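Take a moment with the sequence and the view below before reading on.

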Amino acid sequence: MKKTLAFLSLAAVLAAPLSAQAHRAWLAPTSTVLSGNDAWVGFDAGMSNGVFIPDHAAMRLAGLTITAPDGSTAQAENVSQAKYRSSFDLHLSQPGTYRVANVGSGFMASYKQGGEQKRWRGAEAEFAAAIPADATEVQATRTDSRTETFVTLGEPTDLKTVGKGLELAPVTHPNDLAVGEAATFKLLKDGQPAADVEVTIARGGIRYRNNPEEITVKTGADGAFSVTWPEAGLYWLGASVRTAGVNGQPGSNASWNGALEVLP
Amino acid sequence: MRKLPLVLTAAGLAAAAPAVATAADLTVSVELPRISSASYHRPYVAVWIEKPDQTTAQTLAVWYQQTRNNEGDGKDWLKDLRTWWRKGGRAMTMPADGVSGPTKAPGRHSVTVPAARLRALPAGQYNIVVEAARELGGREVVRVPFRWGGANTGAGTGSTELGAVRVAVTR
């Protein structure tokens, strides 16, 4: 029993920064494919078990980063946080693809002091000073999370990769998805192909059907995975990569969650 | 009255003479059905030539609201012609000369494309694709196979947003 409890608390410690794993983090656009001289798109962001169903917790938008087609940073408007969802608007004023992401990174550690399991979270720079001298079994982890979506006014444009944390590198453009067609993407971790990673693909609207109809695929050696969209809808994609720390170096825990719209 | 056939023949010859020199014309006739609806809006319609691999060879016509009203600019809803938008519409600039025009009322409308505008089209098998999307209504796509490079005709029909679609290549 004691062992189980210890294991559970350790699991809780490991899972804590990834509440997105228990509850999925999502950033849902009101539309993804737009025409005209300019356009507005609204976004809801939350964490819940049923993707895009705001019934658990709003997402804090501290790391909201919107990249316009020309590479400049665009500003969210009408930002608000409600009980179960955060919302904002984006005015698309230039043609091309916008990357809309809520990005977070942090540093955490677990250790034992006097036989007691403890944990710490903070900035990596403060880590060394924050851990007591008599701490044992110190396990440090760098965390990176990225929750994002893409919207396009007019013709889709190429997306630059970020090179930090886990991210989606388009092979198929994320705003060029149609039911019945196959799409291919690459998962990158810190800019390098993330091989053999499980990607969960869940279509929204779970409240109105009984079968979750989730799809799980694995990335290949080049980090690529493919999916043939069985139905139109807004899909949530999620993946995470954990690396254990070795030789005193911190481990890492990187997660990526995306919302992609598939049109009929 | 008797003279009329002669006049027609003469006109036919006059029309045929340049056609021989400049090859074929392409005519697409599109029927927009009369739809009973409390809030009927004329559909957006796109007509284009599709290659066998389903990529677009050329857009022939796009009928959409040409003006801005208090709900927005007519171009805001071009994306609702989803198939056309994805297969080429989004790469075009609207309005486009000889291609874009206002929405049409229910009835039969035809699009005639002189051969000169299809100079770049190699002879071969193609589809004419007609897509209609209507506010508070549905969307429908009708494909009609035809051959470019000799006289032939084709026909298809929609079931909801489109009626008969006829294609004629004349020499």
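## Where the chains meet

Please keep in mind that this is a predicted model. The contact between the chains draws on 11 residues from chain A and 10 residues from chain B. On the chain A side, the residues that touch chain B comprise five nonpolar, four polar and two charged ones.

## The build of chain B

Chain B holds two helices and 11 strands. Read from the N terminus, its elements follow the order α-β-β-β-β-β-α-β-β-β-β-β-β.

Of the 171 residues in chain B, 29% are buried. If we take the contacts in chain B between residues at least 6 apart in sequence, 59% of them join residues at least 24 apart.

## A cis peptide bond in chain B

The peptide bond between M94(B) and P95(B) is cis, with omega at about 0°. You will find P95(B) in the loop that runs between α2 (82-87) and β6 (100-101) of chain B.

## Two positive phi values in chain A

F52(A) is a residue other than glycine with a positive phi, near 70°. It sits in the loop between β3 (39-48) and β4 (57-58) of chain A. F52(A) counts as buried because it has 23 C-beta neighbours inside 10 Å, and the cut-off for buried is 20 or more.

N247(A), also not a glycine, has a positive phi near 50°. Its place is the loop between β18 (233-243) and β19 (251-262) of chain A. Is N247(A) buried or exposed? With 4 other C-beta atoms within 10 Å, N247(A) is exposed, since the cut-off for exposed is 12 or fewer.

Technical notes:
Residues are numbered from 1 along each chain as its sequence is written. Chains are lettered from A and ligands numbered from 1 in the order in which they are written. This is a predicted model: local features need pLDDT of at least 70, side-chain atom pairs count only at pLDDT 80 or more; totals for chains, interfaces and linings use all residues. Two residues are in contact if their C-beta atoms, placed from the backbone, lie within 7 Å. Ala, Val, Leu, Ile, Met, Phe, Trp, Tyr, Cys and Pro count as nonpolar, Asp, Glu, Lys and Arg as charged, and the others, Gly among them, as polar. Helices (H or I, at least four residues) and strands (E, at least two) are DSSP runs, numbered from the N terminus.
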